[in-house]
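Here is a short report for a first look at this structure. Please have the sequence and the model side by side as you read.

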Amino acid sequence: MNPAPNLFLIGPMGAGKTTIGRRLAEQLQLPFHDLDHVIEEQTGATIPLIFELEGEAGFRRRECSCLDEMTALQGIVLATGGGAVLDPDNRALLARRGFIVYLETAVDIQLARLARDRKRPLLAAPDRRERLEQMAALRNPLYRSLADLTVISDNEHAAQVAADLAQRLALEWQRQPATAAA
């Protein structure tokens with residue numbers, strides 16, 4: 001059991017981190033935050049615009065800074081961006097400051113869920129399947145290595161996934177308030 005004050009959701013785009021995270025936070029009676037939404041609020045720009053103006057490297061710098069700020073909070077559920085785990089410092093922050101749930105999903109499910117999504121810069125590729133498979137090959141081992149708990153989120157019903165996850169967390173996550181974030 002990993003005692004921690006925060007719950008962090010990691011996984012690829014389309015895994016349901018935001019949808020499941022909102023429902024889970026409600027069940028756990030904790031505030032919910034989505035890292036990408038926080039970045040947009042702080043910058044006043046959309047993620048696609050940040051990518052357009054600053055490239056992926058500029059976005060990742062902003063993501064690192066925002067993740068440091070958000071993980072320092074106490075008693076939250078945080079949905080990270082799919083690529084947040086790429087930075088070793090981000091991985092260390094997540095591991096040190098919270099209980100990590102990896103929402104695992106198959107590329108076929110991602111394709112179906114993201115079929116109409118045209119706002120994700122990293123998905124703007126001629127072959128979306130190939131792009132998602134490339135990202136999965138790089139990121140899935142990182143998600144697995146960080147996870148305190150892995151949940152398959154292929155179920156079509158986010159409410160059911162959140163309810164099942166809440167039950168598992170009751171057994172596997174020791175919610176512990178911390179006085180200061182490391």
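## Terms and model

Helix axes are lines fitted to C-alpha atoms over the stretch in contact, and the angle between two axes runs from 0 to 180 degrees between N-to-C directions. The model is predicted.

## Helices α2 and α3

Helix α2 spans residues 35–43, and helix α3 spans residues 47–71. Their axes come within 9 Å. They cross at roughly 110°. Angles of 65 to 115 degrees count as roughly perpendicular, so α2 is roughly perpendicular to α3.

Which residues of α2 and α3 make the contact? From α2 come Leu35, Asp36, Val38, Ile39, Glu40, Gln42 and Thr43. From α3 come Ile47, Ile50, Phe59, Arg62, Glu63, Cys66, Leu67, Glu69 and Met70. By class, the contact of α2 with α3 has nine nonpolar residues, five charged and two polar.

## Phe51 in α3

Phe51 belongs to helix α3. Is Phe51 buried or exposed? Its relative accessible area is 14%. The cut-off for buried is under 20%, so Phe51 is buried.

Phe51 also pairs up across the sequence. Phe51 and Pro121 are 70 residues apart in sequence. In space, their C-alpha atoms are 6.9 Å apart. Setting aside neighbours within four places in sequence, Phe51 is in contact with Pro121, Leu122, Glu56 and Phe59. Phe59 also takes part in the contact of α3 with α2.

## Helix α7

Helix α7 covers residues 158–172, 15 residues in total. From first C-alpha to last, α7 reaches 20 Å. That is close to the 21 Å expected at 1.5 Å a residue.

Which residues of α7 are buried? They are Ala158, Val161, Ala162, Leu165, Ala166 and Leu169. These residues cover an arc of only 140° around the axis, so they lie on the same side of α7. What covers them includes the strands β1 (7–10), β4 (99–104) and β5 (149–152), along with helix α1 (17–28). The face of α7 turned away from the buried side carries exposed residues: Gln167, Ala170 and Leu171.

## Ser153, between β5 and α7

Where is Ser153 found? It sits in the loop between β5 and α7. Ser153 has a relative accessible area of 1%. Buried means under 20%, so Ser153 counts as buried.

Leaving out residues up to four places away in sequence, Ser153 touches Ala15, Ile20, Leu103, Glu104, Thr105 and Arg113.

Conventions: Residues are numbered from 1 along each chain as its sequence is written. This is a predicted model: local features need pLDDT of at least 70, side-chain atom pairs count only at pLDDT 80 or more; totals for chains, interfaces and linings use all residues. Side-chain values use heavy atoms; hydrogens and water are left out. Helices (H or I, at least four residues) and strands (E, at least two) are DSSP runs, numbered from the N terminus. The expected span of a helix is 1.5 Å times one less than its number of residues. Buried means under 20% relative accessible area, exposed over 50%, partly exposed in between (1.4 Å probe, protein chains only). The arc is that of the directions from the helix axis to the C-beta atoms. Contact means heavy atoms within 4.5 Å. Angles under 35 degrees count as roughly parallel, over 145 as roughly antiparallel, 65 to 115 as roughly perpendicular and the rest as oblique. Ala, Val, Leu, Ile, Met, Phe, Trp, Tyr, Cys and Pro count as nonpolar, Asp, Glu, Lys and Arg as charged, and the others, Gly among them, as polar.
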